[in-house]
Every structure is written in C-alpha cells, then in structure tokens.
Amino acid sequence: MADGWRPLPFREFVLKIHSRCDLACDYCYMYTMADQSWRLQPRQMPRTVVDQAAARIGEHAHSHGLTQVKLILHGGEPLLAGTDFITYAVGAAREAAGPGTRVDVVVQTNGLGLDHGYLELLARLGVRVGVSIDGNAAAHDRRRKHPNGLGSHAGVAAALRRLDGHPQRGDLFGGLLATIDVRNDPIAVYEALLTFNPPMIDLLLPHGNWTAPPPGRVPGSPETPYADWLITVFDRWYQAAPRETNVRLFTELMHVILGGTSGTESVGLSPTAVAVIQTDGTIEQSDVLKSAYPGAPLTGLHVARDQLDAALAHPAVAARQLGIRALCDDCLSCPVHRVCGAGHYAHRYLAGRGFLGPSVYCPDLLKLISHVQAVMAADIAALANGRA
Ligand code: SF4
C-alpha cells in the first residue's frame, strides 16, 4: 500500500472440527444469533479438509518464517469429534508445520466429554485444555443448559476436578472461559472459578452489538452494568496477595496501559492474527462476527484452493489490521482509545453503519479502563514515594 502498510501473518488458527454441540446455551453466538450457517456445515470436519487445512497452515508458517503458531480445536463441541480424529488432526498439523515451526494446540471445550481417556490422550499429545464455565451452579446453569433444559454445571465441575487432579495438570490446564451475566454476583462467580485452581480466567462480555444489544445494555445508555460487575472482580483480584490467578482481561488492560500491545481481540489496537477454518474447509474471519449478521465472517475462500495469504488480502481482514486507523472520530477523541481500541470488533456493529463506530459497550469500557488506570496510577505514585 502507498503508506507502506503490510498485512501481518496469521498466528492463530481456529479449526472448527465439529459443528454441533451437546449443550444448548442460550447465548451461543453460533446457534442463537444472526448467522445460522452451522446448519449447512457437515457435522464433522472430513479428514481431507484436515489435511488441506494443515497444509495451508504449514505453508503460511513457512512463507512468513513463523517458528510458533497456535492451533485451537473448536466447535460446536470439539471433543465430540472423538479421540481418533483429534489424534489425526494434531498429527496432521504438526507434520505439515515441520520441525521449524512449533504448533501449540489448545482444545476449547464445554468440559462434558473430558473423561479420563481424553485427559490421557490430550496429555500425551501435548494439547492444553480450556473449559467454559460461568461460575457457581446457579450462575452457570442459568444459561449453560443441556438440550432437555437441565443445567450442566455438575458435569463440568466433575471434569474440572479430574483435570485439576491430573498428574500433568500443569501442562494440560489452559484456563477457564466465563461469559458474564450481570445478574450473577461477581464475587461469587469469581470465587467459584477459583476453586478449580485455574492458571487463567477469561471473562467474556456477552456478544452483541448496537442492532442486537447484549443483555442488560441499552445502546447509548450511560448505565455501566458490565463495568460495575467487572470492577468488583478487578478490585477483589488486584488486592489479593499472593495473586490467585491470571484474569486475562485485567492483565491485558494493565499491559496495554503500561505501553504494551494487546494479546486479545477484546481490547487494544493489536491487528487481528486469527484465521478460522470452518468444518467444510471454508476460510473465515473471527467466528464471533456471526453475532452481527448472516455471512459476516465469510471471505469466499477455501483451503482446497486458496492460500491463507489470500485471506490476509481480504478487505475486512485488512480493516482489522489497521489499528488506530480503523477507529471512528468519536473513539479517536476518547481519552482511553489506545487501551480500549473500540473494544471487540463484533461489538461495534450497527446495521447500515457496519463496524466503523464505538463499541456497544462504550460506557462500560470507558469506566472499567479509567478505574484500572486510576488504581495503577495510585500504586505507581505510592511506589515512587516509597509508600508501597
Ligand atoms: S471507550 Fe468508547 S469512545 Fe473510547 S475508545 Fe472505547 S468504544 Fe471508543
């Protein structure tokens, strides 16, 4: 491009190995929001597609000199693909990458299928496990239900106890992923998650946008239910000594406040580095865009015929690599724009306007970031004055 901008290579590859799930969570962006394309996907990724995807990832890593990439086995529910399939997929990706590129594999699961056999297999393959759980039983079962309407907390908690007690727990346990529901008590949720001794907790804002707002958020309202919830957890987490776990959103915010770059799509101005390979082999942008409108993540590309570099050249991917140049005027004049980055790309969507605008969570993000900045500034000032 004329100003010297060049796309950055993808470093994370989400492989949607199984398109169905054994839970029926009522907030799932895949099954309950705007895009319903999962209905057209094969249940399971064919092995030919696994081979093509692995070859494209290897090709991308080699052509960009990447010595390390991340492969995320995703769904639907990826463990429904079965142990043989997962063994095959991990082997194919590592073989195609070759000895010059390390492939770190993570499986993101609802936990229900995480039995002893799976834990042994994942430990043997060197695959880390991320488990979705929304807190204590009351909080979790409010929305993460079996298709028959019963809550799933008991099964997930049992799996997490197996994971926590595994002799290779340190290598296996990647962390917990919890979607926020502001009706749940924040401290009770956080402390329930801590009982599983997670190395990391990811607290996710529920997906939504200006056209289909998240629960409890009235677009444009100055109310800040999500900031208030998160600040309560932040203060509890920040003041604990020693530190109990890594809460990714908070450590990312603190890192960016101190001048670093963000490693998450939720905040900051870091360019997107994630490519999604659908169950049928189509190459897509972030899956979460399914929450905006039907077809939002599509690129028109397929691993059978297209290199991943072609996705880098897609205008929508390029727009997500522009950093500050992709922010609207309102965000550019905001005091926290470098830290916030207009939040998650999917949360900026408004029908008719697209993604050029502030996040639907704008007041929450401003309040949360301002709070974290103020707490850090006070601590730094105390340190400078020899009071900490
Ligand atoms: S807080 Fe609001 S205005 Fe500021 S950068 Fe974030 S979304 Fe934009």
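Mentor: A residue counts as buried if 20 or more other C-beta atoms, placed from the backbone, lie within 10 Å of its own, as exposed if 12 or fewer do, and as partly exposed in between. This is a predicted model, in which local features need pLDDT of at least 70, side-chain atom pairs count only at pLDDT 80 or more, and totals for chains, interfaces and linings use all residues. Residues are numbered from 1 along each chain as its sequence is written.

Trainee: Is Pro186 buried or exposed?

Mentor: Pro186 is found in helix H8, residues 186–194, where helices are DSSP runs of H or I with at least four residues, numbered from the N terminus. Because Pro186 has 21 C-beta neighbours inside 10 Å, Pro186 counts as buried.

Trainee: At what angle do H2 and H3 pack, and how are they described relative to each other?

Mentor: Helix H2 (residues 47–63) and helix H3 (residues 83–97) have axes 8 Å apart and pack at an angle of about 30 degrees; axes are lines fitted to C-alpha atoms over the stretch in contact, and angles run from 0 to 180 degrees between N-to-C directions. Angles under 35 degrees count as roughly parallel, over 145 as roughly antiparallel, 65 to 115 as roughly perpendicular and the rest as oblique. H2 and H3 are therefore roughly parallel.

Trainee: Which helix gives the most to the shell around the ligand?

Mentor: The ligand is surrounded by 13 residues, a residue being near if its C-beta atom, placed from the backbone, lies within 6 Å. Helices H13 (329–332), H14 (337–340) and H15 (362–384) each supply at least two residues of that shell. The helix that gives the most, with 3 residues, is H15.
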